[in-house]
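Work through the exercises below with the sequence and the structure in view. Try each task before reading its solution.

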Amino acid sequence: MENKNFDAIIIGGSYAGLSAGMALGRSLRNVLIIDNGNPCNKQTPHSHNFITQDGKTPGEISDLARKQVKAYPTVRFYDGTVSVMKKESSGFKIETSSGECFNGKKLILASGIKDAMPDIPGFAECWGISVIHCPYCHGYEVRNEVTGVLSDGDLGFEFSKLIYNLTKELTLFTNGKTKLSAEQLGKLNQHTIRVNEDEIEKIEHEKGYIQKIIFKNGKEAPLKALYAKITFTQNLNVSADLGCELTEQGFIKVDFIQKTSVSGVFACGDNVTMMRSVANAVAQGSLAGAMVNKELSEEEFEISSF
C-alpha cells in the first residue's frame, strides 16, 4: 500500500467499523480500515433484530456492507492485526503485526472484544448457537422452549426476569451455592422459575446445539437454550497504548458522540457497550464516523495564531 497517511484509521472492519467507514467515505475522507477477519460472532448461524436484515447470517450482512463501503474510492482496506498504537503530535501511528506502519489524524476503535469462555466442556462449541447472550438477538427463536440462565446473584436475578417473558420453562443455574437473597429466591419461586445449585460438569450438544447439562453429581437437565453473561477482555490494549479510560465493567468509556477520554480517539461497537447487537453497532459506527468528520472539518477552519 503506497499511501501511509490517512485522515482517519479505523481498527476493526465489522459492523461498527464498516458503518464508520461509510460515513467518512461519503464525506470524501481518506480512510484506512484494518481488520483481521475474525469476528466474535463467527459461530452464530443467524442475526436478528436488525430491520431489513432479520434472519441473515452475520457473514452475509458484513460481506454486503464491506462491498458497499469498498465502492467509495477514498476508503482503503488492510487485512491484518494491529500490534502497537501510538499517539503523536500530528495524530496516531499504527503498527501491524507484519511491521507495516500507518499514520492517521483521527482514530476509531471498532475492534470488538474477546469473550472469555468458562471452563465448562461444550460451552465454547455452543456459544452463539444455543448458548446465547442476548434475548433480543436470539430469544424469539427459542421462545416457549425449555431454557436455562447460567448466572447468579443480582445479575442472575435480573436476567431471569427478562427471559421469563419469553418462556415459562425457565431454570436459573448458579453452578454452585447461590448468592441470591431470600427475597430474590422468593420472587423467582413465585414465578415458578427454578433455581439449580448443582455444579456443572459439562454441556452435551450436537454440533453446537445444546441437548442437556450434565452435573458433577451425575444429574442431568435437558435444555433447548442457555443464556449466559460471560467475562471478556478488549482485543486491543487501549488503556496501556493510548491511555483510554475504561468503565468498571471493562468497556472503553465514551461520551454521547462516541468520543473516548483521549483526544482524537473515538470508539464504537461491542468494545463500548453490553448491548451487543448488529443494529447498535451500525448506529454507533455511523455516529462515530460523522463526529470524526466534524472534528476534521472544524480543525481545517481553525484560525492560526501568529
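**Exercise 1.** State how many residues the largest nonpolar core has, and which elements give two or more residues to this core.

*Solution.* A nonpolar core is a set of buried Ala, Val, Leu, Ile, Met, Phe, Trp, Tyr and Cys residues joined through side-chain atoms within 4.5 Å; buried means under 20% relative accessible area, with a 1.4 Å probe and protein chains only. The largest core has 24 residues, and Ile10, Leu24, Ile33, Ile108 and Val292 have the most contacts inside it. Two or more residues come from each of S1 (5-11), H1 (15-25), S2 (31-35), H2 (58-70), S3 (75-79) and H8 (278-300). Here H marks helices (DSSP H or I, at least four residues) and S marks strands (E, at least two), numbered from the N terminus. H8 gives the most, six residues.

The model is predicted: local features need pLDDT of at least 70 and side-chain atom pairs pLDDT 80 or more, while totals for chains, interfaces and linings use all residues. Residues are numbered from 1 along each chain as its sequence is written, and side-chain values use heavy atoms, without hydrogens and water.

**Exercise 2.** Give the strand order of the open sheet of five strands, and explain why one side of S8 and of S11 is left without a neighbour.

*Solution.* The order is S8-S15-S9-S10-S11, with parallel pairing; strands pair if DSSP finds at least two bridges between them. S8 (131-132) and S11 (194-196) stand at the edges with a single partner strand each, so one side of each has no neighbour in the sheet. Inside the sheet order, S9 (residues 147-150) and S10 (residues 170-173) pair over four bridges, and Thr147 stands opposite Leu170 in S10.

Definitions and conventions
Buried < 20%, exposed > 50% of the residue type's maximum accessible area, 1.4 Å probe, protein only.
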